[in-house]
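User: I have a structure open and would like to go through it piece by piece. Can we start in the middle and work outwards?

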Amino acid sequence: MSAAGPFDPGPEGHDTHLVLESPRGAVSLWPAWRAVPPGWAARFGPAPHDACVRRVERG
């Protein structure tokens, strides 16, 4: 079995991810333990993976 990647869900119910927004308004799922890239801003989270995915899907 391979190691979990930064965009895998992680432990259920834990605040593992963020939703980031770029200066152009693009949104992206991002692991909470990684630094936010320059120019991007956290708009939601940290929250569980599934909550962040729902937020990204809404745009």
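User: Is S1 largely enclosed or open, and why?
Analyst: This is a predicted model. In it, S1 is largely enclosed by the rest of the structure, because four of its five residues are buried.

User: What order do the strands of the sheet come in?
Analyst: The order is S2-S1-S3, in an open sheet of three strands with antiparallel pairing. Strand S2 (27–31) and strand S3 (41–47) are the edge strands, and each pairs on one side only. On average, neighbouring strands are turned by 25 degrees against each other, direction ignored.

User: And what holds strands together in general?
Analyst: Strands of a sheet pair through backbone hydrogen bonds.

User: How many bridges are there between S1 and S2?
Analyst: Five bridges, with S1 covering residues 17–21. Val19 has Leu29 of S2 as its bridge partner, and Glu21 stands opposite Val27 in S2.

User: How many join S1 to S3?
Analyst: Four bridges join S1 to S3, and these strands run antiparallel. On that side, Glu21 has Ala41 of S3 as its bridge partner.

User: What about the hairpin of S1 and S2, how many residues sit between the strands?
Analyst: Five residues lie between them, and Gly25 in this hairpin takes a positive phi near 95 degrees. Ser22 is also in the loop between S1 and S2.

User: Is Ser22 buried or exposed?
Analyst: Ser22 counts as buried, because its relative accessibility is 11% and the cut-off for buried is under 20%. Leaving out residues up to four places away in sequence, Ser22 touches Gly39 and Trp40.

User: New topic. Which strands does the helix touch?
Analyst: Helix H1 (residues 49–58) packs on the sheet and touches S1, S2 and S3. The direction of H1 makes about 145 degrees with that of S3.

User: Which residues make up the largest nonpolar core?
Analyst: There are five: Val19, Leu29, Ala47, Ala51 and Cys52.

User: What does Cys52 touch?
Analyst: Not counting residues up to four places away in sequence, Cys52 touches His17, Leu18, Val19, Leu29, Phe44 and Ala47.

User: Okay, charges. How many salt bridges are there?
Analyst: The count is two salt bridges. In one, the side chains of Arg43 and Glu21 meet at 2.9 Å, N to O. Arg43 lies in strand S3 and Glu21 in strand S1, so this pair ties together parts that are 22 residues apart in sequence.

User: Are those two buried or exposed?
Analyst: Arg43 counts as exposed, with a relative accessibility of 51%. Glu21 is at 26%, so it counts as partly exposed.

User: Which side chains meet in the salt bridge of 3.6 Å?
Analyst: That one is between Asp50 and Arg54. These residues are four apart in helix H1, which means they are separated by about one helical turn. Asp50 counts as partly exposed at 45% relative accessibility, and Arg54 also counts as partly exposed, at 47%.

User: Last thing. What does the chain average in pLDDT?
Analyst: The chain averages 86, and 80% of the residues score at least 70. Confidence is lowest in H1, at a mean of 92, and highest in S3, at 97.

User: What should I do where pLDDT is low?
Analyst: There, the predicted coordinates should not be read in detail.

Definitions and conventions. Residues are numbered from 1 along each chain as its sequence is written. Side-chain values use heavy atoms; hydrogens and water are left out. Two strands pair if DSSP finds at least two bridges between them. Helices (H or I, at least four residues) and strands (E, at least two) are DSSP runs, numbered from the N terminus. Axes are lines fitted to C-alpha atoms, for helices over the stretch in contact, and angles run from 0 to 180 degrees between N-to-C directions. Contact means heavy atoms within 4.5 Å. A nonpolar core is a set of buried Ala, Val, Leu, Ile, Met, Phe, Trp, Tyr and Cys residues joined through side-chain atoms within 4.5 Å. Buried means under 20% relative accessible area, exposed over 50%, partly exposed in between (1.4 Å probe, protein chains only). pLDDT is the predictor's confidence in each residue, from 0 to 100. A salt bridge is a side-chain nitrogen of Lys or Arg within 4 Å of a carboxyl oxygen of Asp or Glu.
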